[in-house]
Amino acid sequence: MSDTRSVLAKLWSEHGHDTAALANLDLSGHEPVLPSSFAVGTAMQAAVAASALAAAEVWRARTEHSQKVGVDMRAAAIAARSERYLNVDGGPAPELWDKIAGTYRCGDGRWVRLHTNFPHHRDGVLKLLGCAYDKAAVGEALSRWKAFDIEDAAAQAKLVVTAMRTFAEWDAHPQGAAIARLPLLSIDRIGEAPAPRWPQGDRPLAGLRVLDLTRIIAGPVCGLTLAAHGAEVMLVTSPNLPSVAPLVIDTGRGKLSTSLDLHDAKGRAAFEAMLRDADVVVQGYRPGGLAALGYGPEDAARIRPGIVYVTLSAYGHDGPWTNRRGFDSLVQTASGLNAAKAEAAGAEGTKPLPAQVLDHATGYLMAFAAMTALLRRAREGGSWHVRASLAQTGCWLRALGRIDGLAIKDPARDDIRDCLEESESGFGRLSAVRHPATLAETPPHWARPSVPLGTHAPEWPREG
């Protein structure tokens, strides 16, 4: 198993950072912190530390002041389960999972996982299977399918179903092979622009503006992290697309929230006006979706030279599954993680990781890469494109090695109260997981409350 400091040092140096900054980092804790045979604590600690140390480097670039950064492994791992621990007005948050989501055995003995949290995905699966909205009925219908056949049929219908594979099967699959060739993150210059000066402010990202066009967990966690370090983050959602209530509440902290229809001329004009004054765009919609509307990375760099454009996908930008939809739980199943954990536990079927760690780690890694690109922009100018995917993060997690952690206690909410903080919000009083990093001079925090989608006008707040 790899230790966090060596994992972080490799990530840090690969993206051109000064390794002297690592001397300012305090890492505490050790594996295991969650019940798993994978080093989920190490992955989360490294991802959180990378983002926090990048924020400290931005602060140093702005002020010439270095500062100490600390990340505890347990706190980082608990942050990967933030949606599980969220309370609103003293009670549990709205239910996260749809009643037929989960794993099922097919007629060929293989397992599949369905993701049906969005109504159109749920209804599409039920139509494809020709059955009632009932777990038993879904199981009966799937008993007449082969796992890879239902996976392919679902993909053709733009649904999200994956068959469980072993590591060997994933490695032999063309998409698994493509992911193995990709780096964890890519940061590429895509246009010319003069190097800007840092704006005035008392936090690392103060005065910088982020358009957050993401849903669910990974992308929103990126925006959440940038907001925690002082960025002005505007969550942009469509009035025509569904959302998942507890995730909106949890990851909306620190953000403004507006609603725009980018198919509408008025909505496009408002979006482009915000884009011209933005520093970062983070987007996690289906591959090619924003580009088809004229807002892909090269389009954004033309509209706003100097933009840092962050793209999230499920399966990366190379290989036959490049355009396939996916979520953390589906990528875990397809890429062998669930099968390997089940084997380690001596269990039949699938066994998920103890957190949506591909989502959360990817979110912090995206924030790290966005700040890395901002530092490059300040030094040499240019527009930049960051690319990350859940599958690439899964490949990285696998490479960290295995641990003996399956027998440790799964922490309940009462066990992690020291990781929680309370705040008012547009939904009521929240008790939620606090940011897991500490910075000596600029402690991360969210200056704005979480609010319902579409609360704000589609424009940046006026300064002063």
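**View 1. Helix α1 meets helix α2 through Thr4, Val7, Leu8, Leu11 and Trp12 on the α1 side.** Their partners in α2 are Thr42, Gln45, Ala46, Ala49, Ala50, Leu53, Ala54 and Glu57, where contact means heavy atoms within 4.5 Å. This is a predicted model, in which local features need pLDDT of at least 70 and side-chain atom pairs count only at pLDDT 80 or more, while totals for chains, interfaces and linings use all residues. Residues are numbered from 1 along each chain as its sequence is written, and side-chain values use heavy atoms, with hydrogens and water left out. Helices (H or I, at least four residues) and strands (E, at least two) are DSSP runs, numbered from the N terminus. The axes of α1 and α2 come within 9 Å and cross at roughly 50°; axes are lines fitted to C-alpha atoms, for helices over the stretch in contact, and angles run from 0 to 180 degrees between N-to-C directions. The two helices α1 and α2 are therefore oblique to each other, given that angles under 35 degrees count as roughly parallel, over 145 as roughly antiparallel, 65 to 115 as roughly perpendicular and the rest as oblique. The crossing of α1 and α2 is right-handed: a crossing is left-handed if the near helix is turned anticlockwise from the far one by less than a right angle, and right-handed if clockwise. By residue class, this contact of α1 with α2 has nine nonpolar, three polar and one charged; Ala, Val, Leu, Ile, Met, Phe, Trp, Tyr, Cys and Pro count as nonpolar, Asp, Glu, Lys and Arg as charged, and the others, Gly among them, as polar.

**View 2. Helices α2 (residues 40–63) and α17 have axes that come within 9 Å.** They cross at roughly 20°, and α2 and α17 are therefore roughly parallel to each other. Here α2 passes α17 in a left-handed crossing. The α2 side of the contact includes Val40, Met44 and Ala47, and the α17 side includes Val357, Tyr364 and Phe368. The residues of this contact of α2 with α17 divide into 17 nonpolar, two polar and one charged.

**View 3. Alanine 50 sits in helix α2.** Alanine 50 is buried, with a relative accessible area of 0%; buried means under 20% relative accessible area, exposed over 50%, partly exposed in between (1.4 Å probe, protein chains only). Apart from neighbours within four places in sequence, alanine 50 is in contact with Leu8, Leu11, Trp12 and Phe368.

**View 4. Histidine 17 belongs to the loop between α1 (4–14) and β1 (25–28).** Histidine 17 is buried too, at a relative accessible area of 10%. Not counting residues up to four places away in sequence, histidine 17 touches Trp12, Phe368, Thr372 and Leu375.

**View 5. Seven strands form an open sheet in the order β8-β14-β13-β12-β9-β10-β11.** The pairing is mixed, and two strands pair if DSSP finds at least two bridges between them. The edge strands, β8 (186–191) and β11 (255–259), each pair on one side only. Neighbouring strands of the sheet are turned by 20° against each other on average, direction ignored.

**View 6. Strands β9 (residues 209–213) and β10 (residues 232–237) pair in the parallel sense over four bridges.** Arginine 209 stands opposite glutamate 232 in β10. Helix α12 (residues 265–276) packs on the sheet, touching β9, β10, β11 and β12 (280–283), and its direction makes about 140° with that of β9.
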